[in-house]
Amino acid sequence: MAQRNSSGRGATATGTTRQAGNRTPNTPGISESEISRMRVDEIRGQLRRRGVSGISALRKPELVKALARTLRAEGRAGGAARRSTGPSGRAPARRSTAGAAKANPSRTRAKATPAKAARATGVRTGRSTSRSVRSAQLITSPADRPERPGRSLVTTNHQVIRNWAAARGAKPATIAGTERNGRPGVLTFDLPGYRESRRLRVVSWDDWFRTFDSRKLNLIFQEQLRDGRPSNFFRTESPDREDG
């Protein structure tokens, strides 16, 4: 069965849903009470697909908090006040004044180089970029093909993502209960035959990609398994997450 992303997706604790203090700090749209309604295996699955390891021995309350922290980190990844010094950081290029640019044009060009490199590669990087992203084959357009069956791929290209979903009859979706201010929360796909589809809410491609880009996510996926059969594996990943 497809691995769900995710990029977070159930017994309820008595009284938990009524506690105002059970919402994750700084992210009022993410409720630990909502996450706690998910089954333990679902929470573990969402954490693993987001690259979080060392969770096998955790109990449900700890898993709930771990997923909440992961969602909080994803939400912050879309914020404007980023401290990244990697290729995605734009602050250094914007600090140069017009006078400085005229006095030393070569210096200005040097500062702009990392941003250009980030656009050229199509991969979003940050302080927590995972090995999965670094080792995956980059797909920048629908014309690109996997080097071999079973190869892990990474992309931010909208058409590549739409084509992958269309080939599997998948629809853009979010996990119900993770929405923030009416916008999609944890991004995923509603694949035909997925037994937990009732927990998903189908959204428009515009809303899905708006959230994908604002959080600066990457999509890690496969086209085929090693034996050549079609693969439904995918997960979204934030390069600036705290966990993983």
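pLDDT is the predictor's confidence in each residue, on a scale from 0 to 100. This is a predicted model, and its protein chain averages a pLDDT of 74, with 67% of the residues scoring at least 70. Local features here need pLDDT of at least 70, side-chain atom pairs count only at pLDDT 80 or more, and totals for chains, interfaces and linings use all residues. Residues are numbered from 1 along each chain as its sequence is written, and side-chain values use heavy atoms, with hydrogens and water left out.

**Overall picture**
- The protein chain has 9 helices and 7 strands; helices (H or I, at least four residues) and strands (E, at least two) are DSSP runs, numbered from the N terminus.
- Of the 244 residues in the protein chain, 44% are buried (buried means under 20% relative accessible area, exposed over 50%, partly exposed in between, with a 1.4 Å probe and protein chains only).

- Confidence in the protein chain is highest in α8, at a mean of 97, and lowest in helix α6 (residues 105-121), at 40.
- Residues 1-21 have pLDDT below 50, yet this stretch has 74 contacts in the model beyond near neighbours in sequence (contact means heavy atoms within 4.5 Å).
- Residues 96-101 also fall below 50, with 2 contacts beyond near neighbours in sequence.

**Helix α8**
- Val160, Ile161, Trp164 and Ala165 are the buried residues of helix α8 (residues 158-167). They sit on the same side of α8 because they cover an arc of only 130 degrees around the axis (the arc is that of the directions from the helix axis to the C-beta atoms).
- As background, an α-helix has 3.6 residues a turn, so residues three or four places apart point the same way.
- Ala166 and Ala167 are exposed, on the face of α8 turned away from its buried side.
- The packing partners of the buried α8 residues are β2 (153-155), β4 (187-190), α9 (205-214), β6 (218-221) and β7 (234-237).
- At the N-terminal end, Asn157 is the cap of α8, with a side-chain oxygen 3.0 Å from the backbone nitrogen of Gln159.
- After α8 comes Gly169, with a positive phi near 65 degrees.

**Aromatic cluster**
- The structure holds 11 aromatic pairs (rings of Phe, Tyr and Trp, the latter by its six-membered ring, pair if their centres lie within 6.5 Å; planes under 30 degrees apart count as stacked, over 60 as edge-to-face and the rest as tilted).
- One of them is the tilted pair of Trp164 and Phe189, 5.6 Å centre to centre with 50 degrees between the planes. Trp164 is in helix α8 and Phe189 in strand β4, so this pair ties together parts 25 residues apart in sequence.
- Phe189 also forms a tilted pair with Trp205, at 6.1 Å centre to centre and 55 degrees between the planes. Since Trp205 lies in helix α9 and Phe189 in strand β4, that pair joins parts 16 residues apart in sequence.
- Relative accessible area is 2% for Trp164 and 0% for Phe189.
- Ring pairs link a cluster of Trp164, Phe189, Trp205, Trp208, Phe209, Phe212, Phe221 and Phe234.

**Thr155**
- Thr155 lies in strand β2 and is buried, at 0% relative accessibility.
- A polar atom of the Thr155 side chain lies 2.7 Å from the backbone oxygen of Ile139.
- Not counting residues up to four places away in sequence, Thr155 touches Ile139, Val160, Ile161, Phe212, Asn218, Leu219 and Phe221.

Terms used. Polar contact = N/O pair within 3.5 Å; in protein donor to acceptor, adjacent residues only side chain to side chain.
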